[in-house]
Amino acid sequence: MSDSLAALVRSFPDEPLRLAPGDPAAEWSANTRWFGIPDGAVDAPAVTVALDEAGRRLRVRFGDAPGPVTFYAWYDEQAGQLRCALRSVAPDALPFGARHVVVERPDPVVALIVADRHPGVVPWEELSESSPPAAAGSSPPPRPFPVFAITIAA
């Protein structure tokens, strides 16, 4: 089943992607894909290899483009989706509002997928009104999430 996830990731470089350095919204629309996590076990090695392969193939396709250009992937835990994108930014300038950490290998991203027993589902305990509200400032900030990033063009 997860081979289908790897196949979807491997198909990303074949999509009709386009670079528009002055238009981040156009790049977001054209170059971002959301892949739902299939039911059942995920073949982590296959998905890891597929992410690496996608980066290599994008370097062949866009490596001569005026840089910076970055391919990146992350796991959206709330949506239960692996997301892949191509942007005209450097890895240290990825368009995230949340705390994240750029990683050079896809393993930490894939590990989150494998660890998520119910992709896209927020457990009831986390929504329950019976839980006492946290006092302002008492909760630790959320951990940064990993983002696998490969420089395509510098």
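Residue numbers start from 1 along each chain as its sequence is written, side-chain values use heavy atoms, with hydrogens and water left out. As the model is a prediction, local features need pLDDT of at least 70 and side-chain atom pairs count only at pLDDT 80 or more, while totals for chains, interfaces and linings use all residues.

Strands count as paired if DSSP finds at least two bridges between them. Altogether, 5 strands make up an open sheet with mixed pairing, in the order 1-3-2-5-4. The edges belong to strand 1 and strand 4; each has a single partner strand, so one side of each has no neighbour in the sheet. On average, neighbouring strands are turned by 25 degrees against each other, direction ignored.

Helix 2 (residues 24–31) lies across strand 1, strand 2 and strand 3, at about 35 degrees to strand 1. For such angles, axes are lines fitted to C-alpha atoms, for helices over the stretch in contact, and the angle between N-to-C directions can run from 0 to 180 degrees. Which residues of helix 2 are buried? They are A26, E27, A30 and N31, where buried means under 20% relative accessible area, exposed over 50%, and partly exposed in between (1.4 Å probe, protein chains only). These residues share one side of helix 2 because they cover an arc of only 100 degrees around the axis, taken from the directions from the helix axis to the C-beta atoms. P24, A25 and S29, on the other side of helix 2, are exposed. The cover over the buried residues includes strand 1 (32–36) and strand 3 (81–87).

T32 belongs to strand 1 and is buried, at 1% relative accessibility. Neighbours within four places in sequence aside, T32 touches E27, C84, A85 and R87, contact being heavy atoms within 4.5 Å. The side chains of T32 and R87 are joined by a polar contact of 2.4 Å, and the T32 side chain also reaches the backbone oxygen of W28 at 2.9 Å. A polar contact is a pair of N or O atoms within 3.5 Å; within protein, one must be able to donate a hydrogen and the other to accept it, and residues adjacent in sequence count only if both atoms are side-chain atoms.

On to the rings. Rings of Phe, Tyr and Trp (its six-membered ring) pair if their centres lie within 6.5 Å; planes under 30 degrees apart are stacked, over 60 edge-to-face, and the rest tilted. This rule gives 7 aromatic pairs. Among them is the edge-to-face pair of W28 and W34, at 6.1 Å centre to centre and 80 degrees between the planes. W28 is partly exposed at 35% relative accessible area, and W34 is partly exposed at 41%. F96 and F145 are also edge-to-face, with ring centres 5.3 Å apart and planes at 80 degrees. F96 lies in the loop between strand 3 and strand 4 (100–103) and F145 in strand 5 (residues 145–153), so this pair ties together parts 49 residues apart in sequence. Both F96 and F145 are buried. Ring pairs link Y72, W74, F96 and F145 into a cluster.

Definitions and conventions:
Helices (H or I, at least four residues) and strands (E, at least two) are DSSP runs, numbered from the N terminus.
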